[in-house]
Amino acid sequence: MSKTLDQLRNQWTTPCPTLTAVREHYFPHIKTDRRFRELIQKGEINLTLKKLHSSTRAQYVIYLHDLADYLDQQHKQTA
């Protein structure tokens, strides 16, 4: 288990924060969820979107292990 994942688990009260929460915390320069989703779907941001159920109104979430992997990758690229 990565140190990053441990830190995220301490930070968030859920294993799968909403797309909005992740965007607001880690991507404040991206102003809308719609734009954030577009960047993820185009592959410009390497995260995986999930829904907890199949309802069209279900919010998108990002699992902490995926977010940890992304943050670790970003760190490696900038180091």
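C16 is buried, because its relative accessible area is 12% and buried means under 20% relative accessible area, with exposed meaning over 50% and partly exposed in between (1.4 Å probe, protein chains only). The residue is found in the loop between helix 1 and helix 2, where helices (H or I, at least four residues) and strands (E, at least two) are DSSP runs, numbered from the N terminus. This is a predicted model, in which local features need pLDDT of at least 70 and side-chain atom pairs count only at pLDDT 80 or more, while totals for chains, interfaces and linings use all residues. Residues are numbered from 1 along each chain as its sequence is written, and side-chain values use heavy atoms, with hydrogens and water left out.

Leaving out residues up to four places away in sequence, C16 touches L52, V61, I62 and Y63, and contact here means heavy atoms within 4.5 Å. From C-alpha to C-alpha, C16 and I62 are 5.3 Å apart in space, although 46 residues separate them in sequence. H65, which belongs to helix 4, is 49 residues from C16 in sequence and 8.9 Å from C16 in space, again C-alpha to C-alpha. H65 counts as partly exposed, because its relative accessibility is 42%.

Helix 1 brings T4, L5, L8 and R9 to the contact, and helix 4 brings L64, H65, L67, A68, L71 and D72. By class, the residues of this contact are six nonpolar, two polar and two charged, where Ala, Val, Leu, Ile, Met, Phe, Trp, Tyr, Cys and Pro count as nonpolar, Asp, Glu, Lys and Arg as charged, and the others, Gly among them, as polar.

Helix 2 (residues 19-26) and helix 3 (residues 33-41) pack at an angle of about 90°, and their axes are 10 Å apart. Helix 2 is therefore roughly perpendicular to helix 3. On the side of helix 2 the contact is made by L19, T20, V22 and R23, and on the side of helix 3 by D33, F36, R37 and I40. Four of these residues are nonpolar, one is polar and three are charged.

V22 of helix 2 counts as buried, because its relative accessibility is 0%. Apart from residues up to four places away in sequence, V22 touches W12, P17, F27, F36, I62 and L67. F36, in turn, has contacts with L19, V22, R23, F27, I30, I45, L47 and I62 once neighbours within four places in sequence are set aside.

The largest nonpolar core has 18 residues, and those with the most contacts inside it are F27, F36, I40, I45, L47 and I62; such a core is a set of buried Ala, Val, Leu, Ile, Met, Phe, Trp, Tyr and Cys residues joined through side-chain atoms within 4.5 Å. Helix 1 (3-11), helix 2, helix 3 and helix 4 (64-78) are the elements that give two or more residues to this core, and its largest share, four residues, comes from helix 4.

How values were computed
Axes are lines fitted to C-alpha atoms, for helices over the stretch in contact, and angles run from 0 to 180 degrees between N-to-C directions. Angles under 35 degrees count as roughly parallel, over 145 as roughly antiparallel, 65 to 115 as roughly perpendicular and the rest as oblique.
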